[in-house]
Amino acid sequence: MFTVNTIDPSAQPLNIARGQRLLQRGVEPVQVSYIENGRVALGVLENGVMEHQIGVLEGPCWLDTSSAVLNLPHLVDAVADTPVDMRQVNMAAFRKAIAHLSESAQAVLTDVAMAHRRQTEFAVSRLAKDAEARCAEWLLSHAQSGAQGQMAVELHQRKRSIAVQLGIAPETFSRVLRHLREQSLISGSGRVLNLVNPNALRSLAGVQV
């Protein structure tokens, strides 16, 4: 619809180091960021660590324009997952650009922003569910019976991708799997995970046994 150049051609490029926070949840935006290169992790920070991750963005893209369009606080934290090249425009310039759109275009933009915010609210609400419970639920939903009748999960995706689906950091996913092995609920450390105690996993996931 519009780019950072059409809003503020004078916006200076910024080089952001990996690990630096770009957004803080609960804080109203005063600037709108455009990611030109790099990857940004979205989620909830706890003690400075992205323990709960709900997604990633890769440039070129805008960063949380929904909050800016709706004039509402950020719902999530954003952290540079790689070195990031970005530019920022102030809210006044951003809202002026929106005001120049046709009424129908503004209505569509607002509707899309509201839909995106509802999806983000839902994703954040999922974080209330314990990471181990979500992992157990995911394992059960992807399990198949093996040759010996034992249930097993074959990992067709990278652990990072699975962690994003679960709304947790990759490190948290690996830690949960290790804990489940220590409890003898699963076994295996390669691409196949055996569900040693499915009933205990169901109980952990909050599923009726």
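Helices (H or I, at least four residues) and strands (E, at least two) are taken as DSSP runs, numbered from the N terminus. The model is predicted, so that local features need pLDDT of at least 70 and side-chain atom pairs count only at pLDDT 80 or more, whereas totals for chains, interfaces and linings use all residues. Residues are numbered from 1 along each chain as its sequence is written, and side-chain values use heavy atoms, with hydrogens and water left out.

The chain contains 8 helices and 12 strands. Along the principal axes, its C-alpha atoms fill a box of roughly 65 × 35 × 30 Å. Buried residues (under 20% relative accessible area; exposed is over 50%, partly exposed in between; 1.4 Å probe, protein chains only) make up 42% of the 209 residues. With contact defined as heavy atoms within 4.5 Å, 72% of the contacts between residues at least 6 apart in sequence join residues at least 24 apart. There are 20 positive and 19 negative side chains, and the centres of the two sets lie 4 Å apart. In this count Lys and Arg are positive and Asp and Glu negative, while His and the chain ends are not counted; the charge is placed at NZ of Lys, CZ of Arg, CG of Asp or CD of Glu.

Strands are treated as paired if DSSP finds at least two bridges between them. Strand 3 (residues 31-37) and strand 8 (residues 84-90) run antiparallel and are joined by 6 bridges. Within this pair, Asn37 is opposite Asp85 of strand 8, and Tyr34 has Arg87 of strand 8 as its bridge partner. Tyr34 also has a bridge partner in strand 6, namely Trp62; strand 3 and strand 6 are antiparallel and share 3 bridges.

Strand 4 (residues 39-46) is mostly covered, with 6 of its 8 residues buried. Strand 4 pairs with strand 5 (residues 49-58) in the antiparallel sense over 8 bridges, and Gly43 has Gln53 of strand 5 as its bridge partner. The hairpin of strand 4 and strand 5 has 2 residues between the strands, and Asn47 there takes a positive phi near 55 degrees. Strand 4 also pairs with strand 7 (residues 77-80), again antiparallel, over 4 bridges; Leu42 is the bridge partner of Ala78 in strand 7. Val40 belongs to strand 4 and counts as buried because its relative accessibility is 0%. Beyond neighbours within four places in sequence, the contacts of Val40 include Leu22, Ile35, Val56, Leu63, Ala78 and Val84.

A further open sheet has 4 strands in the order 9-10-12-11, with antiparallel pairing. Its edge strands, strand 9 (144-145) and strand 11 (186-187), each pair on one side only. Strand 11 and strand 12 (residues 192-195) are joined in the antiparallel sense by 2 bridges, with Ser187 opposite Asn194 of strand 12. Helix 5 (residues 131-141) lies across strand 10 (151-154), strand 11 and strand 12, at about 100 degrees to strand 12.

Several backbone features occur in loops. Most residues other than glycine have a negative phi, and most peptide bonds are trans. Gly59 and Pro60 are joined by a cis peptide bond with omega of about 10 degrees, and Pro60 lies in the loop between strand 5 and strand 6. Asp64, in the loop between strand 6 and helix 2 (65-70), has a positive phi near 50 degrees and is buried at a relative accessible area of 17%. Ser184 has a positive phi of about 60 degrees and is found in the loop between helix 7 (170-182) and strand 11; with a relative accessible area of 45%, Ser184 is partly exposed.

Methods: Axes fitted to C-alpha atoms, helices over the stretch in contact; angles between N-to-C directions.
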